[in-house]
Amino acid sequence: MGDDYKEILEKSIKEGNKIPEKFQKIEKISISFAVRRDGNKIVPIEDAKIYNYLPTEQRLHVPFLLNADFVPDASRKSIPDLEWNIKLLEDAGKEFASWWVSLLEEGNGYDLGSVFDILPEFKDVDPYRNAFMRGFVAQIVKLPCIPVDDNGVYRIVSIDRIISETRDFIISEKPVMSDKDFYQVCNKSTLWNLYLPHPDIRLNENAQKLISRFSSNSTILNKDDYVQISCNTKFKEWLSESTENAIRYYDFLFRSSLIHYQLECNDSIFLAEDMTISSGKSIFLNIDEALEYLYMFEDKLPRLNVKVREAMCEQFSRISTAFKPYNSVDEADKLASEFDLANYAKRIRTKDDSVNFLGFLATASGNGRTYTKGIPSTMPIYLNNGEVVEGTANLYVQDDFGDELRQQAWVDSAWIHFIHSTYVSDYWEALTVFMTKNSIVPISAKIAWDEIISPEERLEYIIGSINEKETNIAFYNFLQKIEKEIILDSELKSKLVIFANDGTDEELVPLSMQLYWEDDNWRNFLYEKWLPKQSCWVVDDEYLSTFVGKEREAMRKFFTSKFIANKFSVSDFFNKCLNGCWSEIIQLIDTKEISFEFLKFLFDHRNEIAGSFKSERFGEIPLFYEGEDDGNAMDDFLSDVTVYQHSDEIDVLCDEPWFDNTQLTVLDDIYRPLFESKDGRDYFDKVGIKFFDLISYLRDMVIENLEDYDETLSTKNNNLLFHRYFGKIYTKFTKEDIDTLKQASIFVSSPESSDGVLCDKSDDHYLPSGLLTNIIKEDIVPIRLLDSVHPDYCQSDLDREYLLSLGNCELAEDNFLEYIGGDSNREAVKEYITIDKARNIRFWRWIVDFTSDESELRKLRGLPILTSLDTFETDGKRMYSAEDFTIANNTHELISDFIENPLFVSDRYLEDGNPRNWRPLFVSLGINITAKYIILNRVS
C-alpha cells in the first residue's frame, strides 16, 4: 500500500470517519479481475458487480468482475463514495489495463477479438466507473496494447503507432488492398513506421474505439494521406496489376466522397485500356463508337479501361469532365498530321481498314468544326484493279471518260489510278463527299488538261510518245474533245509537235510554227523562188481525212480556234512567218531575176502586207545595180548613199561625159517595170528606192556642188556638153538655182586657141557673134573686154536663151566702139594696143573696116596711133596723114615745108592689096589729112 493510501486513512481518522479496523492496519491492497473463458475465447460477464471479496450490489458497468479492498458500507451491499474507494477504483483501472494487455501476449493464446470484447466502454456513468476509467486510460496509453502483424511477426505496439481511419480504405471488411500492398505503398510516406491493427482485431468494435480514442492526427488516415498514397509508384504498380484492384480503389473513392478531392490533387489514378495509369485529362472516358472505325489506332486513343468503366459506369458518368474531352476533329487532325512521319500506313492492312479510317476523317465533326486537312500523303488506298497506292496523287473515280483517257497510247498508266468503288459508294455518302473535297473525282476535261496533259514533266513524256502519226492524230483528237479547257500558250506550243508538210517534206514541227490549211493559194505561193523550204507549213491532211462528218469539222474548228492552223494568206504569212525565215529569204535572193520577183511580189501584195512588212526590211533585200553583177542590200551602203529607181532621165544623165555615173546608185534595168506606174514609183520611193527627180538631184548634187565638177568641166567637150545639158532643162530651175549655176566655168573665145579658154564663171559674158569672133580672132582688144562665150555654146535659139539666163548679154555692133572707147575700157584698150605695135596696126585696120561713121569713130579719140617715127601718139591733132592714105600727091613734102617736124601716121597701117578709106577715121580723130586742109588751118 502506498503512502497515498496511508494519507487517505489518516485524513479519514482525523475527520472522525469510521474506518474498519482491518483497514487501519492494512499494509497491502489486493485487486483482481475475473472473466469467463470459453476455449481460447474470453467471454464478457454481463451485469458484473464489484466484489469486496464478496459480491456487492454495486455495479461498475464493465464486462468483467473486479475484486478489491474497498471500504464497504455498513450493509456491505454497496461501496460508499469514499476517497479510499475512489482511489482504489482508479488503481484498479490501471491494474486492469496491465492485466488486459497481458491477455494479448502471444503465449496466452487467447482469441484477440475476445480480449478486446472485455474492454469497458468509454462513457460517463457514475463516480465509481469514472474513477476506474480514469485509471484505465492513464495506464493504457502508456502500454503497448495493440497487436499487429509485423511482416509475419506478432507484436504489440502502443496506440500511437497504430494507423486508424474513418473511410474503410484498409480497415474494412473489403479493404482496397492487402496489408502487404498497403505497407509497400506507404513505405516512403508519413505512415512508413506505423502499423495496421492486427487483422483479428481490425474490425473489432472495441478495438476500433480504443484506437480511435487515443490515436493522434498523424496516425489517422485523412484525405491527404490517400492522395499521397496515390502518388506512390508502388501504388500505381498495384493499381495497374488488375482491373479488380482499380475497381476496388475507385469504389472506395466514390464511396468515401473523396473522388473530387483526389482529382484536384492528383488525377493520374486512372487505369487505361493498356493497363497503364494515366491522368484523366490524357485519356478518354468512352470512345467506343470512334473505335469502330479507328480500331487500328486504338493504342493512339488512350481510354479508361473498358472493364473498369463498365463496372462503374454510373459513377464515372458523374465525373466525365475529369477525362479528356473527345473531339473527333481534333483526333482526326492529330492522326492525319502524324500519319506520314509516324508511318501509320503500316496499320492499314486491308481495304476495310483504309475505308474505315477515311470514313472517320470524313465524318469527324464537333463544335461547329469539321476535318479539313485532307488525306495523308502515305495513306494506303485500294484501287479497282486490286493494287494499293499511297496518297491521293493521280487518284480518280473511274468512269467512261477516264477510261478513254487512260487507254490513250500517249498516257502513262501511272498517271491515272481509279480508286476502289467502295470509297465512293452510295451507302456512305459522307465518304463520297469527302473524296470529292479531296479532289478524288471522275476525270473531267479540265482535270485531263490541268493535271494529266499540261504539267511539264508529263508533257515531256507525251511529246516523246506522239512521234508516230497515228498516235499524234489521236492526241490532238483527244485535245479537241476537251478544247474548252485547254490553254495553248506560246511556251506550250513550242513544246508540242504535229505532223506538217511544206509541199515537199513531211516533218514533226512544233505547234509554235505557223501552220496553214492546204489550199490553192498556199500551193501557188510555194512557187515563189525566194521562198525558203520548210518556211510555210500546212497541217498534214490526215488530221482531217482520218475523220468524217461532224467529227472532221470539229477537228478543223479546233485547230483553227486554237490558232494551230489558219487559212493561208500572204498577209498572215508575212505577219507570222517572215521573221523566222527572213535571213533565208535574203540568202535565196542571189540573182537579179529573183530580186526583181521578190520586189514585184511585195508591190503586188502591198496592201495585204502593209501592216506586217516594215519598210526597214527593204534595206536588207539584196538589190542589183546598174553596171554591177553582185547584189547588195541598201543597208550595206553608207548612210548618204541613195538608191534610185531606173529611169530614162537617169540613162540620159549617166551618158553625159561630164557626169560621174558612179556617184549615182541606180537599180538595174531589170527593175524598170516596177517603176512604170505612179503607184510603183511612189511605193518604192517610200521604202527607200527613190524616184529620181532630175531637177532636185541636179540642184542638190550638181548645182550645189559645182566645185566638185571643176576638174571635169575644165575640158572643152565636157564643159560644152554640161551647158548644153542644162540648156535643155534650165527653165525647170529656180532663179536661185540659175544664180548658183552661174558659178560653173565656161569656155570663152580667145585668140590664143580656137577652142577658147576656160573662164571660171558662166555669167557676165557676151554671147558669141560674128563681130566678136572677128575681133577676138584679130586680138585687137583685151580678151577680157570682149569675154564672149565660145560660139560652140550657142548653136540654137535655146542655147542663146540659156546663156542669156545665166546673165550674159549680146553686144550690138553700134555699141561696140562706145564700149571699147568708153571711160571704163579706154585705158585697157589703150594699154593693150600700145604694148604690141602689130596689134595696134590690126586694131586700126579693123576699125576702118568696121565703120566709117565719123560720129562713132570720134569715140576712139585718145587711143594711141603709131607715128612715122615708130612712136605712139594719142592726140590726133598733132598728127598728119601721109599722102599714101589719101589720093592727094606731094602731101608729105608740102606739110614738111610748112610744119616743123610734123608727125605723120605710120605707113605700116597700109596693107598691100587691101586699100582702105582712112579718111573718115583720121577726120574723126582730128588728124590732118591733106596739105590744103593743113594750110587752110594754118592760115586761119
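**View 1. The surroundings of Trp100.** Leaving aside residues up to four places away in sequence, Trp100 touches Val115, Phe116, Ile118, Leu119, Ile140, Cys145 and Leu210 (contact means heavy atoms within 4.5 Å). This is a predicted model, in which local features need pLDDT of at least 70 and side-chain atom pairs count only at pLDDT 80 or more, while totals for chains, interfaces and linings use all residues. Residues are numbered from 1 along each chain as its sequence is written, and side-chain values use heavy atoms, with hydrogens and water left out.

**View 2. The largest nonpolar core.** Here 55 residues come together, and Trp84, Trp100, Phe132 and Leu210 touch the most other members. Such a core is a set of buried Ala, Val, Leu, Ile, Met, Phe, Trp, Tyr and Cys residues joined through side-chain atoms within 4.5 Å, where buried means under 20% relative accessible area with a 1.4 Å probe, protein chains only. Elements giving two or more residues include helix H3 (83–103), helix H5 (127–140) and strand E7 (146–150); helices (H or I, at least four residues) and strands (E, at least two) are DSSP runs numbered from the N terminus. H3 supplies the largest share, ten residues. Apart from this core lies another, of 46 residues, among them Val411, Leu496, Trp517 and Phe559.

**View 3. Helices H15 and H16 packed together.** H15 (residues 328–339) meets H16 (residues 351–363) through Ser328, Glu331, Ala332, Leu335 and Phe339 on one side and Phe357, Phe360 and Leu361 on the other.

Key:
Buried means under 20% relative accessible area, exposed over 50%, partly exposed in between (1.4 Å probe, protein chains only). Axes are lines fitted to C-alpha atoms, for helices over the stretch in contact, and angles run from 0 to 180 degrees between N-to-C directions.
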